[in-house]
Amino acid sequence: AGAERIGVAVGVGSQRKAIEDPGMSSTFQVRDVAPSVPLLGNLGAVQLNYGYGIDECRRAVEMIAADALALHLNPLQEALQPEGDGNFTGLLPKIGLIVEQLEVPVIAKEIGMGLSGEVGRRLVDVGVRILDTAGTGGTSWARIEAHRADDVEIGELFSDWGIPTPDSIQQLREIPDITIIGSG
């Protein structure tokens with residue numbers, strides 16, 4: 001079957017910096033240049049293990065008048081970042097609480113390794129109904145973060161690690177009643 005095009009949305013990068021330094025919030029405010037396009041806020045899901053909760057999620061949404069909030073999943077990127085946050089333990093129930101409490105839809109977004117069908121089903125089990133998968137074949141955050149850490153060798157080792165986006169989309173299509181976004 002052919003791909004279905006649902007529409008276009010604009011997503012911002014991680015708003016963590018603006019949550020921690022409100023003076024940075026203006027750098028994320030793009031609603032005036034995209035008044036009629038769905039706008040997606042963005043926070044790292046891992047931050048739910050580092051003190052973030054519903055209040056920070058609401059602040060991210062309000063900051064940019066977002067129509068939805070993406071909680072990005074990026075364990076490899078965090079593992080390779082010199083300042084990375086690597087505790088991804090117990091995130092599913094925390095994501096579920098955000099889904100229940102937030103007034104806009106929550107998107108689970110994988111930023112470069114792809115979502116497997118199994119992970120997609122676990123996210124759906126806690127209430128997520130929109131899955132955004134960016135698999136291998138696009139931007140390699142392993143390469144970028146390894147370069148930042150001055151360890152190009154490990155970046156190359158993990159540069160193609162994960163599930164290609166088309167394979168991820170095929171796995172996720174088996175899950176009923178969800179929206180799938182394929183990112184690059």
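This is a predicted model: local features need pLDDT of at least 70, side-chain atom pairs count only at pLDDT 80 or more; totals for chains, interfaces and linings use all residues.

Which residues of β3 point one way, and which the other way? Ala68, Ala70 and His72 lie on one side of the strand, Leu69, Leu71 and Leu73 on the other, and all are buried, where buried means under 20% relative accessible area, exposed over 50% and partly exposed in between, with a 1.4 Å probe and protein chains only. In a regular strand the side chains alternate between the two faces of the sheet.

Residues are numbered from 1 along each chain as its sequence is written, and side-chain values use heavy atoms, with hydrogens and water left out.

The sheet around β3 is open and has six strands in the order β1-β2-β3-β4-β5-β6, with parallel pairing; two strands are taken to pair if DSSP finds at least two bridges between them. Its edges are formed by β1 (10–11) and β6 (179–182), each of which pairs on one side only. On one side, β2 and β3 pair in the parallel sense over five bridges, and Gly44 stands opposite His72 in β3. Strand β3 (residues 68–73) also pairs with strand β4 (residues 106–111), again in the parallel sense and over five bridges, with Ala70 opposite Ile107 in β4.

Helix α8 (residues 165–172) packs on this sheet, where it touches β5 (130–134) and β6, and its direction makes about 155° with that of β5. Helix α2 (residues 54–64) lies across β2 (39–44) and β3, and runs at about 145° to β2. Contact here means heavy atoms within 4.5 Å, and axes are lines fitted to C-alpha atoms, for helices over the stretch in contact, with angles from 0 to 180 degrees between N-to-C directions.

What is buried within the helices themselves? In α5, Gly117, Gly120, Leu123 and Val124 are buried, and they cover an arc of only 120° around the axis, which puts them on the same side of α5; the arc is that of the directions from the helix axis to the C-beta atoms. The cover over the buried residues of α5 includes β3, α4, β4, β5 and α8. After α5 comes Gly127, whose phi is positive, near 110°. In helix α6 (residues 141–148), the buried residues are Ala142, Glu145 and Ala146, and because they fall within an arc of 100° when seen down the axis, they line one face of α6. α6 is followed by Asp150, which has a positive phi near 60°.

The largest nonpolar core has 34 residues, and those with the most contacts inside it are Leu71, Ile95, Leu102 and Leu131; such a core is a set of buried Ala, Val, Leu, Ile, Met, Phe, Trp, Tyr and Cys residues joined through side-chain atoms within 4.5 Å. Two or more residues come from each of α1 (16–20), β2, α2, β3, α4 (91–101), β4 and α5 (117–125), and α2 gives the most, with six residues. Leu71 touches, among others, Leu43, Cys57, Ile95, Ile98 and Ile107, when residues up to four places away in sequence are not counted. Apart from this core lies another, of five residues, among them Leu40, Ala68, Ala70 and Ile130.

Charged pairs complete the picture, with six salt bridges in the count, a salt bridge being a side-chain nitrogen of Lys or Arg within 4 Å of a carboxyl oxygen of Asp or Glu. Lys109 and Asp132 meet in one of these (3.1 Å, N to O), and since Lys109 lies in strand β4 and Asp132 in strand β5, the pair ties together parts that are 23 residues apart in sequence. Lys109 counts as buried at 19% relative accessibility, as does Asp132 at 5%. In helix α5, the side chains of Arg122 and Glu118 form another salt bridge (2.9 Å, N to O), the two residues being four apart, about one turn of the helix. Arg122 is partly exposed at 45% relative accessibility, and Glu118 is partly exposed at 47%.
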